[in-house]
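Work through the exercises below with the sequence and the model at hand. Each task is followed by its solution.

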Amino acid sequence: MIGGVGTQQSLRKALGALKDSTKVGLAKVNSEYKELDIAIVKATNHVEHTAKEKHIRTIFDAVSASRPRADVAYCIHGLARRLAKTHNWAVALKTLIVIHRALREVDTTFREEIISYNRGRGHMLNLSHFKDDSSPNAWDYSAWVRTYALFLEERLECFRILKYDVEKDRWRTRELDTPDMLEQLPALQRLLYRLLACQPEGAAVYNKMIQYALSIVAGESTRIYAAINDGTLNLVDKFFEMQRHDAIRALEIYRKARNQAEKLSEFFETCRGLDVGRGQKFPKIEKPSESFITAMEDYLKESPQPLMLQWTAANDERGATPKADATPIAILPPEYKEEDVEEKEKPESPVLPPEPPQTNQSAPVTVPVIDLLGLDDLSHEVSQIEEKHALALAIASSENSAQTAMDLTGQATGWELALVSAPSSNEAVVATSKLAGGLDILTLDSLYDDAMARRANQNGTYHMGQVAPNPFEAAQYSQDPFYASNSVAPPTNVQMASMAQQQQSLMQQQQEQEQQQLMMGPDSSNPFGNPYMGQGGPPNPPQNPYTGLI
């Protein structure tokens, strides 16, 4: 059984070496970047030993700032393709080591290119489903490879948030203001959490390649801890000047820093026991003071609590009963007082009419209907507008206008009643309602009849006995505002009023003629008689000179 397992492993190694040699041959023939492709294959081959430094340097030269961006993108794409297609733990671990060293040793352009690559094509360091089941030890190696990939991915995320490298600018956390400090310290603590998870277990503890990668991780742990420690001291200095919500976040950061300090001490002990990072001195970790945590908690207890405004029926301006879960919360600065808040939050309630006194206290209380649209507020305003414009909309005769106005102001409750006026008798009363422009209905009727008569006579010529067309009539009609409506028949009520007026005028003319005939005497029927008879006549009537000759 043991011999069969050894034979299988030797076959896998031979197959891996064959794949590497085949890819190198293809790169020499078909690739435009021959040296770079060959260096990537040899730096990440299936051999379970660390890669040669010359191949790694060739890759670093290809991703430096002096090279075109296309070369950098091609190199990142080659590493990502190598990492995605392999199922061998040695190839995956070597590829991650190359990327990790490039992040540390190459300029920031390489980090920016990897971040843009992850944004456009997905996370190249996502190895959550990676496994190598070739041997029992390969399971432990695969587990550590997945943890290592998560640490590198968190390192890129931390660089994206901080916009600087902790390896080179770890002193920046001392001078951060409160908003930046509360944003960057959690990112550094998440990075330290991924780092602490890189402790090897099982067979991975004794693997030389894993120990080499672990030494790189342990070297970064001291700088990350120093940056967090400086940021924590800055947080302590500004804690008692923070507002309550910032102080709560600061307390959580301080507690997490204390817990991570304990775990980091255990991590350093593991590294010392494995002889990882030879010649490297690990700092002594000092835990944050427990008494300061108590002082911070006391400060939060004494700080002003966020004001809880309960929405009750007494505060509701319309008297509606709210729901049980309607409890709006307002977080205000400490300098606000409760009385000021109530005065500012309470809106100006409209003046409501007094409620009638309750005669029977045993009667059931009725819940008022909630006016969600606010239509009740406009009811009294609408009634006031109606009463105000009722007289302006009234149409009444001139004789009864005063009496009608008094009746409307005293009895009418809406402007609809003002539109209805008492009908007049067609025999005795003539409609004299005034229209726009100071004209009445009779004037409009007379203008309409004259226009119809003129249109009948306007044929280009006129005969004897006809009135000649007036050349100045066009100007007169152009000034008439109702000239365009002359061709439209008037309403029935207007025609009836016109007929009544004409009948009355004819009756008046007949009465005048009868009176004139009575005054003129019996000879008034002679058309050739003296027109001055009955009226006194002229003072000196002319005499006929020929009367004496007959």
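**Exercise 1.** Locate Glu154 and decide whether Glu154 is buried or exposed.

Solution. Glu154 lies in helix α7, residues 136-162 (helices are DSSP runs of H or I with at least four residues, numbered from the N terminus). The model is predicted, with local features needing pLDDT of at least 70 and side-chain atom pairs pLDDT 80 or more, while totals for chains, interfaces and linings use all residues. Residues are numbered from 1 along each chain as its sequence is written, and side-chain values use heavy atoms, without hydrogens and water. The relative accessibility of Glu154 is 15%, so Glu154 counts as buried (under 20% relative accessible area, with a 1.4 Å probe and protein chains only; exposed is over 50%, partly exposed in between).

**Exercise 2.** Which residues does Glu154 touch, leaving out those up to four places away in sequence?

Solution. Contact means heavy atoms within 4.5 Å. Glu154 touches Arg190, Leu191 and Arg194.

**Exercise 3.** Describe how α3 and α5 pack.

Solution. Step one: helix α3 (residues 53-62) and helix α5 (residues 89-105) have axes 11 Å apart, at an angle of about 55 degrees. Step two: α3 and α5 are therefore oblique to each other (angles under 35 degrees count as roughly parallel, over 145 as roughly antiparallel, 65 to 115 as roughly perpendicular, and the rest as oblique). Step three: on the α3 side the contact includes Ile56 and Phe60, and on the α5 side Val98 and Ala102 are among the residues.

Notes
Helix = DSSP H or I, 4+ residues; strand = E, 2+ residues; numbered from the N terminus. Axes fitted to C-alpha atoms, helices over the stretch in contact; angles between N-to-C directions.
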